[in-house]
Amino acid sequence: MTDNDGQKEYSEAAENAGTKPAEPRVSKPYIMPDDPEETPSEALVKEAAEAKDKMLRTLAEMENLRKRTQREVADARAYGIAGFARDILEIADNLQRALDAVPAEARAGADAGLTALIEGVELTERSLHRSLEKNGVKKFDPMGEKFDPNLHQAMYEVPDNSVAPGTVVQVIQTGYMIGERMLRPAMVGVSKNEPKPAA
């Protein structure tokens, strides 16, 4: 009798009995757990360590937020008046132009009325600059300094062999800083060396 005949007989016997043939049983292999089960005290220690880590991270984030907020408040206090200060600089420029418009000879021989007017304009200009400085706006005059494109705006070049090339030899308009930032660059004339004529 072959294996097929035996299987056929078994199937027929199972059909006659009204039951299905039983499927072979496969046992699942035992898998070793990676970590042994934690004891309650180990679980508490782990939970406490995680809570401490979260707390330290939260404290660090809060400290960073506090420092960032302090910086932003200081910047807002220092630079919040920048737009207003730029507008006021036009007034300072006009006062300076008014003083520059009076020649030295006219000042020397001026009558009492003109002298009082000049002194009043000078007093107003000084008072304006004091108020600007009190609010962190400082005037700078770069005459004789090396040209710095971060602080100066070159308007033209002046042939001048008496100084090094790139030196500020004329100041058309003074510059202003607010804190560490540029409010307005100084408009300047910069020296350039002229080639010496061939002999």
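A crossing is left-handed if the near helix is turned anticlockwise from the far one by less than a right angle, and right-handed if clockwise. The model is predicted: local features need pLDDT of at least 70, side-chain atom pairs count only at pLDDT 80 or more, and totals for chains, interfaces and linings use all residues. Residues are numbered from 1 along each chain as its sequence is written, and side-chain values use heavy atoms, without hydrogens or water.

**View 1. Helices α3 and α5 cross.** Helix α3 spans residues 82-100 and helix α5 residues 112-134. Their axes come within 10 Å and cross at roughly 150°. Axes are lines fitted to C-alpha atoms, for helices over the stretch in contact, and angles run from 0 to 180 degrees between N-to-C directions. Angles over 145 degrees count as roughly antiparallel, so α3 and α5 are roughly antiparallel to each other. Their crossing is left-handed.

**View 2. Side by side: the contact of α3 with α5.** Contact means heavy atoms within 4.5 Å. Residues of α3 including I88, L95 and L99 meet residues of α5, among them I118, V121 and L132. By class, this contact has 11 nonpolar, 3 polar and 2 charged residues.

**View 3. The largest pocket.** About 270 Å³ of space lies here. The lining has 14 residues; Q96, D100, I172, Q173 and T174 lie nearest the centre. Elements giving two or more residues to this lining are α3, α5 and β3 (168-173). The largest share, 5 residues, comes from α3.

Key. Helices (H or I, at least four residues) and strands (E, at least two) are DSSP runs, numbered from the N terminus. Angles under 35 degrees count as roughly parallel, over 145 as roughly antiparallel, 65 to 115 as roughly perpendicular and the rest as oblique. Ala, Val, Leu, Ile, Met, Phe, Trp, Tyr, Cys and Pro count as nonpolar, Asp, Glu, Lys and Arg as charged, and the others, Gly among them, as polar. On a 1 Å grid over the protein atoms alone, a cavity is a set of points where a 1.4 Å probe fits but cannot get out, and a pocket is an open set with protein on both sides within 12 Å along at least five of seven lines; lining residues have an atom within 4 Å of a point. Grid points are joined across faces, edges and corners, and a volume is the space filled by probe spheres set on the points.
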